[in-house]
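I opened the model today and kept notes as I went. Each entry below records one thing I looked up.

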Amino acid sequence: MTSMSFDEVLPLIFIGLMGVSLLVYVVSDGYDLGVGMLMHRATPEERDTMVASIGPFWDANETWLVLGVGLLLIAFPKAHGLVLSELYLPTTLMLVGLILRGAAFDFRVKAKASRKEMWDRLFIAGSMLASVCQGWMLGRYVSGFGEGWNYPIFAGAIAIALPMAYALLGATWLVMKTDGALQGKAIEWSKIAWPPMVFGLILISMATPWISETVRERWFTLPAIIAVASIPVTAGIALLTVRVVLGSSAVRGALCWLPFALLVLVFLLSFLGLSYSIYPFVVIDRLTVWEAASSPDSLKIILIGVCVTLPVIVAYTGFSYRVFRGKTIELDYA
Amino acid sequence: MDALFLARMQFAANITFHILFPSISIALGWMLLFFRFKHLRAADPQQKIDWLRAYRHWTKVFALTFALGVVSGVTMSFQFGTNWPGYMERVGNIAGPLLGYEVLTAFFLEAGFLGVMLFGHRRVGEMVHLGATILVAFGTLMSAFWILALNSWMQTPAGYEIVNGQFHARSWLEIIFNPSFPYRLVHMVLASALTCAFLLIGVSAWQLMKGVATASASRVLRTGLVLAALAAPAQMVAGDFHGLNTLKHQPQKIAAVEGIWETTRGAPLLLFAIPDDAARTNHFELAVPKLASLILLHDPDGELKGLNEFPSAHPPVLPLFWSFRIMVGTGILMLLVSWIGLWRHWRDGWDFAKMPRPMLRIFAGMTFSGWVATIAGWYVTEIGRQPFIVSGLVRTADVASRVPSSSIAVTFAIYVVVYLALLVAYVGVLKYMAETADKESYGNVSASLAGEPQDYRREGEFA
């Protein structure tokens with residue numbers, strides 16, 4: 001293997017950073033979108049607790065999307081134009097979902113009490129719309145924006161599967177952050193969301209290689225298959241453990257955090273699998289990271305900023321989670 | 001309609017909606033810090049309660065404002081790519097790092113500490129909470145710093161070189177501190193101070209008119225009046241400097257603002273006119289002789305370049321001419337109202353209840369006057385840069401979206417509906433919160449203060 005110059009490594013660093021931002025986004029906004037979607041099954045009092053459980057975090061969670069898309073825009077301007085032109089309508093609908101959700105989150109407690117129901121509905125609808133659109137976008141992206149009858153079906157399947165994954169993540173977040181009757185409900189919701197999420201993940205794992213020849217070659221040639229098989233195997237074990245823990249009484253006590261943690265692991269593994277499938281493309285089969293990258297000088301300037309600020313961001317994000325650790329209590333501006 | 005026009009309209013709708021919220025939150029963050037500080041320092045228990053009440057009420061307004069700013073900001077970060085894909089492809093090497101630093105140093109800072117600031121009183125120490133409040137205020141200012149650095153660079157590009165049609169950075173100091181940046185930053189920060197001040201004034205006046213005001217509203221009103229009375233003249237001076245800077249670097253923008261077609265010595269200031277791009281003349285002129293030259297060149301016989309010197313590359317005249325007059329007119333009104341209001345308030349011995357009814361009506365009527373001036377000002381700046389996206393170097397038409405115009409039209413319609421609905425909701429909720437602020441959270445604070453000092457201490461220290 002020939003060694004790469006630093007200038008050639010830079011785009012790889014940035015695709016890595018972008019990927020990590022989007023992973024953090026999917027996990028963090030994933031659970032709060034999930035909580036938003038689950039609100040339609042909750043009573044008004046439970047809704048307040050659910051919103052309180054994500055209240056201090058959703059803003060920072062969404063920021064990771066801005067960073068991820070920002071890095072795409074900054075580091076890979078050609079890919080940014082291509083991807084967002086292809087995904088113009090779903091992007092707009094996702095943004096509308098996020099706008100409604102973010103606004104409703106704040107309006108629901110500040111507007112007249114009689115309007116709260118309406119803002120709750122908008123919060124739920126916004127969460128669903130954003131999740132479904134993100135699923136569709138992921139599906140289109142993974143399949144390299146291909147044309148043909150099978151591609152919309154594939155994207156459609158992911159558009160359903162991703163919200164399920166978010167719902168499961170959100171439900172296990174609530175298992176961790178709440179107690180009493182709501183925790184009981186959250187366990188039930190987790191059990192309901194588990195099969196479709198697993199089914200969706202299997203479907204995607206099977207369909208992605210079928211849709212894309214590049215991915216097929218990556219995964220199903222020896223000896224790679226032996227090495228990379230650990231990813232789906234570990235994910236499978238983690239998902240089974242989630243189901244087992246959900247069924248045991250320990251989930252109401254000491255192990256309340258475990259299903260959520262294991263799901264984060266599954267998301268991480270899926271991300272690794274996906275990265276392995278796509279590398280070194282930004283847009284699969286069309287544009288490599290080197291073809292799409294900005295000038296090394298600009299990337300270096302941003303890299304300095306990233307190296308300085310990212311640890312700080314991680315530190316104060318950790319601080320925020322520590323401040324609001326433990327079971328959720330009612331939110332007030334105090 | 002063609003895609004370029006629609007893309008511009010859609011983007012304009014978005015920045016118009018977005019700027020409403022930073023224009024409040026940049027200054028409101030610091031105002032909250034002020035309320036918080038006064039609360040900490042107040043010796044008199046009643047005063048302490050008043051400042052706390054002001055802090056809590058306006059924290060809620062800040063939270064709501066910030067949330068709308070975030071969601072419209074996220075939308076905007078996508079629209080750079082969806083509406084202007086060519087922009088990043090050509091200018092990305094310069095715009096990218098500036099936007100990147102905004103997200104890294106400002107966006108995360110605000111979002112990270114907002115949760116602690118809003119909901120963390122009971123969970124962190126007094127100093128940590130104060131620190132979070134400072135960081136949120138600082139974050140909003142940092143955000144303005146980076147965004148204005150980029151925007152100013154697009155107006156007065158510097159520190160770059162062009163290789164194969166692509167922009168490359170030569171000096172980051174020159175890029176960030178480009179010729180118009182200091183003026184623009186000061187102008188925006190003062191605009192936010194004025195917008196925030198009139199919001200404070202207007203809402204307090206409304207509370208008094210509706211009979212729901214407390215001593216807290218009186219303190220907020222006085223704070224707002226003092227802030228406005230200081231910021232309004234400062235803004236006039238800053239605006240004058242900014243104008244001179246624009247004349248130096250973008251004379252075609254000034255020519256359009258002043259409605260000057262032919263290069264003129266001793267150019268008149270047009271108070272009223274209807275500029276006509278097609279006929280290249282103005283209708284119904286009402287002018288003060290030589291005043292434009294006097295203001296812009298500080299010489300009544302100075303020569304101002306006319307639009308005809310910039311054939312086919314000057315901004316549309318009519319919107320610029322009128323946006324500028326709306327901005328300046330609103331600014332003058334703000335200056336008069338804040339000075340007269342402050343004088344009157346002082347003469348009444350700072351007694352809120354003595355404020356005459358018509359004065360209160362004017363205050364309430366001007367609650368959102370900062371929005372009018374800010375938006376008009378942004379139109380002057382942004383429309384004034386056309387037909388270029390980077391002054392004199394990159395044309396807007398060359399970087400526009402390749403997306404079919406029908407898609408843009410549909411999404412444009414969706415955005416407008418959502419934005420209008422949210423704007424109505426925002427103003428409605430501010431009104432509702434103003435009218436119910438007292439009943440809701442602090443109904444028994446005064447009562448408990450009178451009877452049980454311990455309760456007050458608990459309130460006072462956010463225990």
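**Entry 1: two helix pairs in chain B**

I began with helix α2 (residues 22-41) of chain B and α8(B), which pack at an angle of about 130 degrees with their axes 12 Å apart. That angle makes α2(B) oblique to α8(B). For the cut-offs, angles under 35 degrees are roughly parallel, over 145 roughly antiparallel, 65 to 115 roughly perpendicular, and the rest oblique. Axes here are lines fitted to C-alpha atoms, for helices over the stretch in contact, with angles from 0 to 180 degrees between N-to-C directions. I noted the crossing of α2(B) and α8(B) as right-handed. A crossing is right-handed if the near helix is turned clockwise from the far one by less than a right angle, and left-handed if anticlockwise.

Which residues make the contact? On α2(B) they are B:Met31, B:Phe34 and B:Phe35, and on α8(B) they are B:Val220, B:Thr223 and B:Leu227. Contact means heavy atoms within 4.5 Å. Nonpolar covers Ala, Val, Leu, Ile, Met, Phe, Trp, Tyr, Cys and Pro; charged covers Asp, Glu, Lys and Arg; the others, Gly among them, are polar.

The model is predicted, so I kept its limits in view: local features need pLDDT of at least 70, side-chain atom pairs count only at pLDDT 80 or more, and totals for chains, interfaces and linings use all residues. Residues are numbered from 1 along each chain as its sequence is written, chains are lettered from A and ligands numbered from 1 in the order written, and side-chain values use heavy atoms, with hydrogens and water left out.

Next I took helix α7 (residues 181-209) and helix α12 (residues 357-365), both of chain B; their axes come within 7 Å and cross at roughly 135 degrees. So α7(B) is oblique to α12(B). This crossing is left-handed. From α7(B) the contact takes B:Ile201, B:Gly202, B:Ala205, B:Trp206, B:Leu208 and B:Met209; from α12(B) it takes B:Arg357, B:Leu360, B:Arg361, B:Phe363 and B:Ala364. I noted 8 nonpolar, 1 polar and 2 charged residues there. Helices (H or I, at least four residues) and strands (E, at least two) are DSSP runs, numbered from the N terminus.

**Entry 2: two buried helix residues**

I looked up B:Thr246 in helix α8 (residues 215-249) of chain B. Is B:Thr246 buried or exposed? B:Thr246 is buried, at 9% relative accessible area. Buried means under 20%, exposed over 50%, and partly exposed in between (1.4 Å probe, protein chains only). Beyond four places in sequence, B:Thr246 is in contact with B:Pro251, B:Lys253 and B:Ile254.

B:Gly115 sits in helix α4 (residues 85-119) of chain B. B:Gly115 is buried too, at 5%. Its contacts beyond four places in sequence are A:Pro56, A:Phe324 and B:Gly120. I also checked B:Ala63: it is 52 residues from B:Gly115 in sequence and 9.5 Å away in space, C-alpha to C-alpha.

Most residues other than glycine have a negative phi, and most peptide bonds are trans. I found exceptions.

- B:Asn164 has a positive phi near 50 degrees. It lies in the loop between β1 (160-163) and β2 (166-169) of chain B and is exposed at 79%.
- B:Lys290 has a positive phi of about 65 degrees. It lies in the loop between β5 (281-288) and α10 (291-297) of chain B and is partly exposed at 38%.
- B:Gln386 and B:Pro387 are joined by a cis peptide bond, with omega about 5 degrees. B:Pro387 lies in the loop between α13 (369-383) and β7 (388-390) of chain B.

I then looked at B:Leu291, in helix α10 of chain B. B:Leu291 is partly exposed at 25%. Its C-alpha is 5.2 Å from that of B:Pro268, 23 residues apart along the chain. Beyond four places in sequence, B:Leu291 touches B:Ala267, B:Pro268 and B:Leu269.

**Entry 3: annotated spans in chain A**

The unreviewed UniProt entry annotates "transmembrane region" in chain A at several spans, including residues 12-31 and 299-319. UniProt positions are in the numbering used here, feature names are shortened, and annotations may be inferred rather than shown by experiment. Residues 12-31 of chain A are 100% helix and 0% strand, with end C-alpha atoms 28 Å apart. Residues 299-319 of chain A are 100% helix and 0% strand, with end C-alpha atoms 29 Å apart.
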